[in-house]
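Reader: I'd like to go through this structure strand by strand and helix by helix. Please give me the cut-offs behind each term as we go.

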Amino acid sequence: MTPDDLKRRDFLKASSGLLGASVLPVSLVELAGATPAESFTFAYISDSHIQHVKGAQFVRNWDRGLMRAVAECNLMNPRPDFVMFGGDLAQLALPQELDHGAQLLSGLKGPVRMVMGEHDYYADDGAYWSKLFGPQWYSFDHKGVHFVVLNSILTDKAWYDRWPDGKARMAEMAGLDNPNGSPFQVGAEQRAWLKKDLANVSKDTPIVVFSHSPLQKIFKNWNFWTDDAELVQDILKPFKKVNVLYGHVHQIQYNQIGNISFNSVMATAWPWPYPQSYAQAPSLLPKLTVPINRADPFFERDATGWQYIDVASGRVAAHYLLPENPVRTVAFDAKKNQPVDLQYQDEKSRTLPQNHY
Amino acid sequence: MTHKTLALGAAVVAVLALPALGDTFGPADVQKWTAEQDAVVKQGRALWTDGKLGTNGVACAQCHPNAANTHPETYPKFQKQLGKVSQLWEMVNWCIRNPLEGQSLAADDPKMTAILSYVTYERRGVKLEPGKH
């Protein structure tokens with residue numbers, strides 16, 4: 001399977017008066033030859049950071065990002081099998097933020113599954129989030145693929161005990177560049193659970209893992225990082241086809257480590273700079289990654305978006321829907337054994353705004 | 001004559017006794033000035049991470065951790081959205097008015113000075129490239 005094998009078909013209804021034809025149409029890339037049983041699509045929305053101002057007022061900009069993603073997602077035709085939400089629904093894990101976010105998500109057609117983000121968690125160790133959405137880690141099977149959801153934003157007890165209460169922990173963890181923050185980890189309890197969960201899964205079964213933070217180490221200063229990433233990767237190593245999808249970074253990233261393909265997903269709220277644009281610390285951004293265009297600050301949705309994910313023969317193709325930008329597709333290339341951007345991977349085909357500095 | 005010479009001599013002695021001439025300064029001076037600068041950078045960092053700079057609780061650092069992606073070394077430059085060569089403080093005010101839903105600061109407002117001091121500090125060591133896109 002190479003990108004050339006991909007064929008296109010109309011995917012979203014372009015008839016919406018709500019959003020207008022400039023946003024749509026979008027095309028679905030589907031792997032030719034895959035049987036219907038192996039090939040399916042799900043949608044992925046992440047990092048909405050619903051932020052309470054006062055009373056019934058929430059930050060308008062972030063609300064709009066999530067509302068737009070929900071509206072566009074509902075226009076998908078054929079329908080995605082389910083919708084994932086990749087974490088950081090709220091900004092400070094306040095009940096009113098999680099409630100408001102859940103209300104906006106309730107507009108989605110079809111089943112929605114949730115991933116825990118640090119902005120949903122630290123005020124009360126995820127208690128209110130769990131009350132709304134259920135367990136913080138779990139697995140499920142869908143059309144021959146084994147899906148695993150991890151809570152990757154836990155941290156060590158020493159840091160936890162440093163602060164008097166959840167409010168203080170949330171305030172420290174909410175600042176991406178706050179030196180008082182702490183590296184994320186999946187932790188021993190979930191790693192043991194993951195081993196057990198995968199024990200009865202055939203090594204040929206494709207695995208898709210959802211985490212909020214990258215299960216790879218990219219940039220510690222901003223927690224584009226999971227401390228026990230290698231230990232989790234070790235558990236995933238025996239499987240032939242493994243895909244990790246993560247949020248948190250608010251930008252397009254992708255990578256290949258051994259048998260594991262990594263794709264990030266976009267935020268609906270705001271984009272983050274690539275780590276190389278902070279001049280004072282070295283970054284480990286995967287060489288494979290071709291960055292998204294630099295955002296135009298005068299257009300508040302620029303460099304934000306959502307995505308739909310095709311799974312065919314157990315490999316992931318991520319389609320990034322970016323308002324007023326071309327759709328970016330990063331798909332697994334079997335010959336190169338890594339994800340590639342279908343349009344921009346070659347250095348000669350990149351755009352000027354893809355140079356981040 | 002004698003009186004005049006004495007007076008001149010006294011004046012020379014008086015000048016030499018001053019701690020420094022106009023264009024000289026010592027390590028103590030540098031230390032003091034650096035401390036002033038550091039304090040303003042620190043104020044700038046505090047403003048950058050404070051949700052109270054605007055009206056909706058959004059902080060500059062939410063989109064610009066460590067003031068990244070602000071490119072102070074490229075200003076003044078032609079800002080396509082404003083249609084003119086612009087200064088960085090104009091862009092800071094754009095962000096205060098829009099994502100932060102607040103009021104513009106005067107160019108010489110001590111808060112603006114603190115913000116620009118912080119932004120530039122985080123970009124220290126990067127060569128100047130005015131007009132770069």
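Reader: How many bridges join strand 16 of chain A to strand 17 of chain A?
Author: Happy to start there. Strands (E, at least two residues) and helices (H or I, at least four) are DSSP runs numbered from the N terminus, and two strands pair if DSSP finds at least two bridges between them. Strand 16 and strand 17 (residues 338–341) of chain A run antiparallel, and A:Asp333 stands opposite A:Gln338 in strand 17. The number of bridges joining the two strands is four.

Reader: What pLDDT do local features need in this model?
Author: Residues are numbered from 1 along each chain as its sequence is written, while chains are lettered from A and ligands numbered from 1 in the order in which they are written. This is a predicted model in which totals for chains, interfaces and linings use all residues, side-chain atom pairs count only at pLDDT 80 or more, and local features need a pLDDT of at least 70.

Reader: Which residue takes a positive phi in the hairpin of strand 16 and strand 17 of chain A?
Author: That hairpin has four residues between the strands. The positive phi there is near 55°, and it belongs to A:Asn337.

Reader: Which residue in strand 16 of chain A is the bridge partner of A:Tyr320?
Author: Strand 15 (residues 315–321) and strand 16 of chain A pair in the antiparallel sense over four bridges. Their hairpin has six residues between the strands, with A:Glu324 at a positive phi near 55°. Across from A:Tyr320, the partner in strand 16 is A:Arg328.

Reader: How many of the residues of strand 16 of chain A are buried?
Author: A residue is buried if 20 or more other C-beta atoms lie within 10 Å of its own, exposed if 12 or fewer, and partly exposed in between, with C-beta atoms placed from the backbone. Strand 16 covers residues 328–333 of chain A and is mostly covered. Of its six residues, the buried ones number six.

Reader: What is the order of the seven strands in the open sheet of chain A?
Author: The pairing in this sheet is mixed. Strand 7 (112–114) and strand 17 of chain A each have a single partner strand, so one side of each is left without a neighbour in the sheet. Further in, strand 3 (residues 40–45) and strand 6 (residues 83–85) of chain A pair in the parallel sense over three bridges, with A:Ala43 opposite A:Val83. The order is 7-6-3-14-15-16-17.

Reader: Which strands are at the edges of the six-strand sheet of chain A?
Author: This open sheet of chain A has the order 8-9-10-11-13-12 and mixed pairing. Inside the sheet, strand 9 (residues 145–149) and strand 10 (residues 207–211) of chain A run parallel and are joined by four bridges, and A:Val149 has A:Phe210 as its bridge partner. The edge strands pair on one side only: they are strand 8 (138–142) and strand 12 (254–257) of chain A.

Reader: Why do the buried residues of helix 6 of chain A line one face of the helix?
Author: In helix 6 (residues 166–174) of chain A, the buried residues are A:Arg169, A:Met170, A:Met173 and A:Ala174. The arc used here is that of the directions from the helix axis to the C-beta atoms. Seen down the axis of helix 6 of chain A, the buried residues line one face because they fall within an arc of 125°.

Reader: At what angle do helix 4 and helix 5 of chain B pack?
Author: Axes are lines fitted to C-alpha atoms, for helices over the stretch in contact, and angles run from 0 to 180 degrees between N-to-C directions. The axes of helix 4 (residues 88–97) and helix 5 (residues 110–122) of chain B are 11 Å apart. B:Leu88, B:Trp89 and B:Val92 in helix 4 meet B:Met112, B:Ile115 and B:Leu116 in helix 5. The packing angle is about 105°.

Reader: How many residues of chain B are in contact with chain A?
Author: Two residues are in contact if their C-beta atoms, placed from the backbone, lie within 7 Å. On the chain A side, 18 residues take part. On the chain B side, the number is 20.

Reader: How many residues of chain B are there, and what share is buried?
Author: Chain B has five helices and two strands, which run α-α-α-β-β-α-α from the N terminus on. Chain A has eight helices and 17 strands, and 51% of its 357 residues count as buried. For chain B, the values are 133 residues and 26%.
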